[in-house]
Amino acid sequence: ALFSRLTHHADNIPLEAYILKAQHLYSLVSLPLVVILFIPALWVSARFLPDAAAWLFRGRLSRHVLWAGLFLGFCTAIRTLGPAAGLLVGVYFLLKAGPKALPTLLVYLGIGAAAAFLVWPALWTAPLHNFLASLGEAVDFSWDYKIAFAGQLYSPADLPRTYLPVLLGLQFTETAMLLAVAGILIGLWGVFRGAARRLDVLLLGAWFAAPIAGAIVFQPTLYDNFRHFLFAIPPLFILSGLAFERLAGWLKRPSLFSLAVLLALLPGIVWGIRLHPYEYIYYNSLVGGPAGASRRFETDYWATSYKAAAEYLNQTAPQGATVVVWGPDYIVQTYARPDLVVVKYPNPPDPLTVQPDYAVLSTRDEIDQTLFPDAETVDVITRAGAPLAVVKRLSSTLSIYPGD
């Protein structure tokens, strides 16, 4: 009824035109309205919490709030889940400082929202709507490839709930896992005993456990191991510090403690050297290292080994050779000789206009075994026994499509 009263030409003008006009007006009004409402909110806070307001606007604290709010906004613009960091900070501040933290938190969150709006152009037309749409897309991101997990290939929708916990147990060094578990147990012991660090340990636990538990329960789109949850990993290393602290108390001599620290770091150092520049394919001995994880779990999912494949072709391919690449062909294109013709393997397969001389294939999804199975493999890029990519020489008699 209201729409009919406001629109006198609705029979002749498409509904979409009214929606676009409303969205445009919303984009013009929303930010000034937030600013206008923010001012009385500050006044109310100052009126009822005068001590907190005076504390907030002391020079040094206000600079800290400004920088913290800016970083919250930048974090939100980079990752849609960024506001969760602000929630963690807000809960911690409220529990530590009580009601007098409210004015500071209002300013902190306001600066964060303004910073996110300014550096995230997608929010300019409809901030709240576009943010929620981005959050929904992040949770249900479209991913068409298969994911190797425990020797099986899964679509993202069919991944078992054990996906994240298993990978977290396999992709840290053994010493890191032991220290993290010991630190968690020490922290829990302190929580039950009412130690001074109770709040710190509980917040660190929430930082790690909440996103992991949320992923297990709600099963958002997951792929490429746990790289989307790297933000939840720092608490494990912070809690490991509790184990180091207890260890330092047991080993009175600094030399012994230094030796213990070196032994804890040694697996990561050794494997970092062995796997360079593919350190992210690391798996620990529970699965047999990278070699044991190969083809059972994801390894070089970013195809960084394609650079080495391009360098091999630069040395061996004849002038003007054509190279077909499965996946990120731009990596090979970036490092290949200028005379080499790099084309992307079509997905879905469409006829190529040229007959390729070489193929660069990833071991992901068993692509190196399903594409051009009869072609000659002339180079394999490996690390620690794990094949990452292969280069095949193609003949004119070979079909470039599986099943032909």
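Is Arg393 buried, partly exposed or exposed, and at what relative accessibility? Arg393 counts as partly exposed, at 36% relative accessibility; buried means under 20% relative accessible area, exposed means over 50%, and partly exposed lies in between (1.4 Å probe, protein chains only).

The structure is a predicted model, in which local features need pLDDT of at least 70, side-chain atom pairs count only at pLDDT 80 or more, and totals for chains, interfaces and linings use all residues. Residues are numbered from 1 along each chain as its sequence is written, and side-chain values use heavy atoms, with hydrogens and water left out.

**Salt bridges**

A salt bridge is defined here as a side-chain nitrogen of Lys or Arg within 4 Å of a carboxyl oxygen of Asp or Glu. By this rule the model contains 9 salt bridges. Three of them are given in the table.

| Pair | Distance, N to O |
|---|---|
| Arg295 and Glu366 | 2.9 Å |
| Asp368 and Arg295 | 2.7 Å |
| Arg393 and Glu376 | 2.8 Å |

Arg393 and Glu376 meet in a salt bridge. Because Arg393 belongs to strand β7 (residues 386-393) and Glu376 to strand β6 (residues 376-383), this pair ties together parts that are 17 residues apart in sequence. Helices (H or I, at least four residues) and strands (E, at least two) are DSSP runs, numbered from the N terminus. Glu376 is partly exposed, with a relative accessible area of 45%.

Arg295 forms a salt bridge with Glu366. Arg295 lies in the loop between α13 (289-293) and α14 (306-316), and Glu366 in the loop between β5 (358-362) and α16 (367-370), so the pair joins parts 71 residues apart in sequence. Arg295 also meets Asp368 in a salt bridge. That pair links distant parts of the chain, since Asp368 is in helix α16, 73 residues from Arg295. Asp368 is buried at 7% relative accessibility, whereas Arg295 is partly exposed at 28% and Glu366 is partly exposed at 22%.

Elsewhere, a network of salt bridges links Asp224, Arg227, Glu298 and Arg364.

**Helix packing**

Two packed helices are described by the angle between their axes and the distance between the axes. Helix α5 (residues 83-97) packs with helix α10 (residues 198-218) at an angle of about 165°, and their axes are 11 Å apart. Axes are lines fitted to C-alpha atoms, for helices over the stretch in contact, and angles run from 0 to 180 degrees between N-to-C directions. Helix α5 is therefore roughly antiparallel to α10, a term for angles over 145 degrees.

Methods: Angles under 35 degrees count as roughly parallel, over 145 as roughly antiparallel, 65 to 115 as roughly perpendicular and the rest as oblique.
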